[in-house]
Amino acid sequence: MGSPQFAVPSLEALHASHHEIIAVVTQPDRPGGRRLQTQAPLVKVAAHRLNLPVLQPSTTKSSSFYEEIRALDPELLVVVAYGEILRTNLLALPPRGAVNLHASLLPKYRGAAPIAWAILEGEEKTGATTMFMNEAMDAGPILLQEEYEILPEDTAETLGNKIAVRGAGLLKRTIALLEKNEITPTVQDSTRISYAPKLRKEDGRVDWNQSAFRLARQVRAFHPWPGTFSRIHGKMVKLWLAHAGDRISDQPPGTIVEMDKHSLSVVCGEQTALSILELQPENRPRFPVADFIHGYSIRPGDRFESLDENDKIT
């Protein structure tokens, strides 16, 4: 059971093993992209490529879906970023239970966006965890874990791709050990729990009173979604690449204090400055800051504004 690209390496790893995948369950096709054309989940695309049967229930909570899975008589349920909380009756259906791959070192960063939150909070390391699933979110007993370094240039996209590939190997190893009864589940330490809630588009708003170090992490953590947004000269812009540094300035946060052909230096909170290297004006392509400076007549003293709740981010 899985839906986005993150789950594809796990599907491919299990397909390449000696185990039989009797069905692939994924989310329904839905409109996506700027033109809202109907798109299939990438797990479905991969499953068709591997000639595997695909189920796309509108919800896993229906009795008809439960009966459909029961008729397949699975020995084990494997879940990787499926996109819906599963009920206990479904999790208990296979005799060997349900195993989940989660992109954090549980019990840290339980929830829908563990990769983004680990970057945003300035973690130097994260990892992947396999666990038995229960009725609570990401709270089941831990089976195996691997720790991975978060590089200074990692975005949620690049780090997610690495965890997806390495996590697939961890999942494959977990199932091999379960098959031989050579793994002992470990109860999660309740004193170390933290959460990584689902991201919203409005989370991408820049607050220039924050330190530049946090804003630079926000740009990386919210790449590619939901993005990081501000406004200048009345136009909304998306920040794509930025670095942080110290700077003492009496200018208000958001003010451009230096600029050259490579970057804009913008005052932030805590006596810091954000160097913006790439950005994207609304309804325009992404481009280096030099093109933005010339195309929009940017000068020192101009000021980026924080968006408020009335600003619609597209």
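Visitor: How many aromatic pairs does the structure hold?

Guide: There are two aromatic pairs. Before we look at one, please note that this is a predicted model, where local features need pLDDT of at least 70 and side-chain atom pairs count only at pLDDT 80 or more, while totals for chains, interfaces and linings use all residues. Residues are numbered from 1 along each chain as its sequence is written, and side-chain values use heavy atoms, with hydrogens and water left out.

Visitor: Why is the pair of Trp 208 and Phe 304 called tilted?

Guide: Rings of Phe, Tyr and Trp (its six-membered ring) pair if their centres lie within 6.5 Å; planes under 30 degrees apart count as stacked, over 60 as edge-to-face and the rest as tilted. Here the centres are 5.5 Å apart and the planes stand at 35°, so the pair is tilted. Trp 208 sits in the loop between H6 and helix H7 (212-221), and Phe 304 in the segment after helix H8 (289-295), 96 residues apart. Helices (H or I, at least four residues) and strands (E, at least two) are DSSP runs, numbered from the N terminus.

Visitor: What makes Trp 208 count as buried?

Guide: Buried means under 20% relative accessible area, exposed over 50%, partly exposed in between (1.4 Å probe, protein chains only). Trp 208 has 2% relative accessibility, so Trp 208 counts as buried.

Visitor: Which class does Asn 283 fall into, buried or exposed?

Guide: The relative accessible area of Asn 283 is 67%, so Asn 283 is exposed. Asn 283 lies in the loop between E13 and strand E14 (287-288). Ser 297, in the segment after H8, has 42% relative accessibility and therefore counts as partly exposed.

Visitor: What follows H7 in the chain, on the way to strand E9 (229-232)?

Guide: A loop lies between H7 and E9, and Pro 224 is found there. A cis peptide bond joins His 223 and Pro 224, with omega about 10°. Pro 226 is in the loop between H7 and E9 as well, and the peptide bond from Trp 225 to Pro 226 is cis, with omega near 5°.

Visitor: Which residues line the largest cavity?

Guide: The lining consists of Val 219, Phe 222, His 223, Pro 224, Gly 227, Thr 228, Lys 238, Leu 239 and Trp 240. Strand E10 (residues 235-246) gives the largest share, three residues. On a 1 Å grid over the protein atoms alone, a cavity is a set of points where a 1.4 Å probe fits but cannot get out, and lining residues have an atom within 4 Å of a point.

Visitor: How much space lies in the largest cavity?

Guide: About 40 Å³. The volume is the space filled by probe spheres set on the points, which are joined across faces, edges and corners. A search of the whole structure finds one cavity of 30 Å³ or more.

Methods:
1 Å grid on protein atoms, 1.4 Å probe; cavity = no way out; pocket = protein on both sides within 12 Å on 5 of 7 lines; lining within 4 Å.
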